[in-house]
Amino acid sequence: MDNINNNETNRQYEYIDKLKEKVAELSESKGRQLTYNVTTFGCQMNARDSEKLRGILEQVGYVSTEDENADFCLYNTCTVRENANNKVYGRLGVLYSYKKRNPDMIIALCGCMMQEEVVINKIKESYNFVDLIFGTHNIFKFAELLYNTLISHGQIIDIWEDTDKIVEKLPTSRKYSFKSGINIMFGCNNFCSYCIVPYVRGRERSRQPDEIIDEITSLVADGVKEIMLLGQNVNSYGKGLNEDINFAKLLRRIEGIDGLKRIRFMTSHPKDLSDELIDVMASSSKICNHLHLPLQSGSTDILAKMNRHYTKEDYLALVDRIRAKVPDIALTTDIIVGFPGESEEDFLETMDVVKKVSFDSAFTFIYSKRTGTPAAAMDNQVPEDVIKDRFDRLLTVVQDIGRKQYDKLVGSTHSVLVENVNEKDSTLMSGRLTNNAIVHFPGDKSLIGDIVNVTLNECKGFYYIGTINE
Ligand code: 5AD
Ligand code: SF4
């Protein structure tokens with residue numbers, strides 16, 4: 001497939017060079033380095049996109065600051081639920097107050113929310129102090145867009161409806177030295193009826209396996225031990241490529257990369273999770289002992305209305321097949337409460353699946369109506385008080401079960417990737433088991449990035465307290 005665009009990569013590097021000169025000139029006139037701040041809303045895809053944006057900012061001479069009152073301030077937005085949008089509008093007001101004091105400040109917005117026409121119209125009308133707006137499909141053009149913003153006045157808006165382009169080999173700046181996300185595919189073709197993602201992230205397209213392997217190989221050479229393969233639906237990886245490849249085969253190839261210690265991936269759609277993938281997970285020594293498998297609802301009727309293409313029984317049977325081959329795997333999920341037409345019986349079906357599966361943890365969401373999705377036009381929207389009551393009941397059960405799952409491991413010893421100094425107690429280090437649970441244990445920061453054995457002494461709900469085994 002010819003969706004890799006080397007010319008575009010070269011073009012963007014030309015803009016990176018021009019930006020370097022421009023940023024140097026601006027720094028000189030200010031007598032200090034220019035600062036940047038990037039805030040990421042939403043999912044791991046956005047987090048990875050932000051690393052790419054930071055990579056360019058750092059390469060052209062901006063320095064990172066925690067303070068949003070910076071020379072360049074960017075919000076990488078999410079729109080999966082309505083409250084994500086409201087947060088952005090609220091915070092833009094604060095940015096405006098900074099810009100009034102520093103008129104050279106550049107305020108930029110990108111990400112999923114910008115792919116919505118209503119949002120763009122609102123920003124044009126009420127937030128004309130925003131300098132640069134771009135979307136999810138042309139993020140690779142950031143160097144060019146930033147350059148144009150620096151040499152011009154007025155708002156620049158560049159939003160594409162979709163793209164089949166994948167632009168490789170642009171700079172990135174990783175948040176962690178020892179772990180990294182890797183996009184393996186972009187977009188989504190599933191059109192779950194509540195979800196806005198297919199409208200804002202466009203059609204599904206997979207990266208070439210060789211590009212993925214090359215990227216991981218160079219990350220490993222740079223000290224990365226754990227990778228997270230990212231896609232809205234990783235189980236459909238490879239469709240549309242001219243190669244005999246699917247997600248299970250890609251994982252087999254990645255397993256062979258020397259020096260790589262841990263492989264994670266998300267998100268898996270239950271309808272596409274193959275037995276071949278279960279076999280790869282069972283036989284792998286690097287794939288982590290964790291699977292995030294969004295349920296959304298336990299009611300077959302609601303699942304049909306959600307356009308999920310599986311039934312309650314299909315989901316339970318899939319979990320059985322996974323547990324038969326990977327018995328101690330940690331399962332986590334996403335659940336939406338209050339989808340239009342959800343009755344008490346439907347909700348009890350969800351509760352039933354939660355109890356039968358015993359998830360280690362679950363992200364529970366209140367259904368949010370997203371304009372333009374089929375569900376937004378459905379009758380029988382569930383009243384708020386009913387949703388709130390169900391949400392609270394679900395959360396109690398999810399937490400009770402999660403606690404019991406976590407308790408099971410107390411007393412055992414596990415390999416842990418040390419991630420950071422504990423935020424509340426600097427004598428403790430925090431790390432992750434392969435099942436994604438967090439453990440805090442006495443240690444010092446020289447351990448960051450190491451994989452060590454830790455005994456779990458105590459379970460504190462959704463984390464452990466442990467001791468390192470020398
Ligand atoms: N309302 C509530 N939750 C949603 N999600 C996606 N769209 C919506 C919506 N409209 C949840 C799903 C998905 C997760 C990333 O966000 O559970 O798996
Ligand atoms: Fe949204 Fe469904 Fe695609 Fe996930 S699979 S991004 S929930 S449409």
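**Note on the sheets and helices of a predicted model**

1. T77 stands opposite G111 in β4. The model under review is predicted. Strand β3 covers residues 72-77 and strand β4 residues 106-111; β3 and β4 pair in the parallel sense, and six bridges join them.

2. On its other pairing, β3 is joined to strand β1 (residues 35-40) by five bridges, again in the parallel sense. Here F72 in β3 is the bridge partner of Y36.

3. The burial of β3 deserves a separate remark. The strand is mostly covered, with six of its six residues buried. F72, L74 and N76 point one way, while C73, Y75 and T77 point the other way, and all are buried. In a regular strand, side chains alternate between the two faces of the sheet.

4. These strands belong to an open sheet of six strands with parallel pairing, in the order β2-β1-β3-β4-β5-β6. The edges are taken by β2 (63-64) and β6 (156-158); each has a single partner strand, so one side of each is left without a neighbour in the sheet.

5. There is also an open sheet of three strands, ordered β12-β13-β14, and its pairing is parallel. Its edge strands are β12 (290-292) and β14 (361-366), each of which pairs on one side only. Neighbouring strands in this sheet are turned against each other by 15° on average, direction ignored.

6. One residue pair can be named: T333 has A362 in β14 as its bridge partner. Helix α13 (residues 384-407) lies across β13 and β14, and runs at about 175° to β14.

7. What span should helix α7 (residues 209-221) have at 1.5 Å a residue? Its 13 residues should span 18 Å, and the end C-alpha atoms are 18 Å apart, which agrees. The residue G223 follows α7 and has a positive phi, near 105°.

8. Which residues of α7 are buried? They are P209, E211, I212, I213, E215, I216, L219 and V220; this list includes the glutamates E211 and E215. The elements that cover the buried residues of α7 include the helices α2 (44-59) and α8 (247-255), together with the strands β7 (179-183) and β10 (226-230).

9. The last point concerns a pair of helices. Two packed helices are described by the angle between their axes and the distance between the axes. For helix α11 (residues 312-325) and helix α12 (residues 344-357), the axes come within 11 Å and cross at roughly 10°. Angles under 35 degrees count as roughly parallel, and α11 and α12 are therefore roughly parallel to each other.

10. How is the contact of α11 with α12 made up? From α11, the residues K312, Y315, L316, V319 and R323 take part; they meet E349, D352, V353, K356 and V357 of α12. By class, the residues of this contact divide into five nonpolar and five charged, with no polar residue.

Note on methods
Residues numbered from 1 in each chain as written. Chains lettered and ligands numbered in written order. Predicted model: local features only at pLDDT ≥ 70, side-chain atom pairs only at ≥ 80, totals over all residues. Heavy atoms only, no water. Pairing = 2+ DSSP bridges. Helix = DSSP H or I, 4+ residues; strand = E, 2+ residues; numbered from the N terminus. Axes fitted to C-alpha atoms, helices over the stretch in contact; angles between N-to-C directions. Contact = heavy atoms within 4.5 Å. Expected span 1.5 Å × (residues − 1). Buried < 20%, exposed > 50% of the residue type's maximum accessible area, 1.4 Å probe, protein only. Parallel < 35°, antiparallel > 145°, perpendicular 65-115°, else oblique. Nonpolar A, V, L, I, M, F, W, Y, C, P; charged D, E, K, R; others polar.
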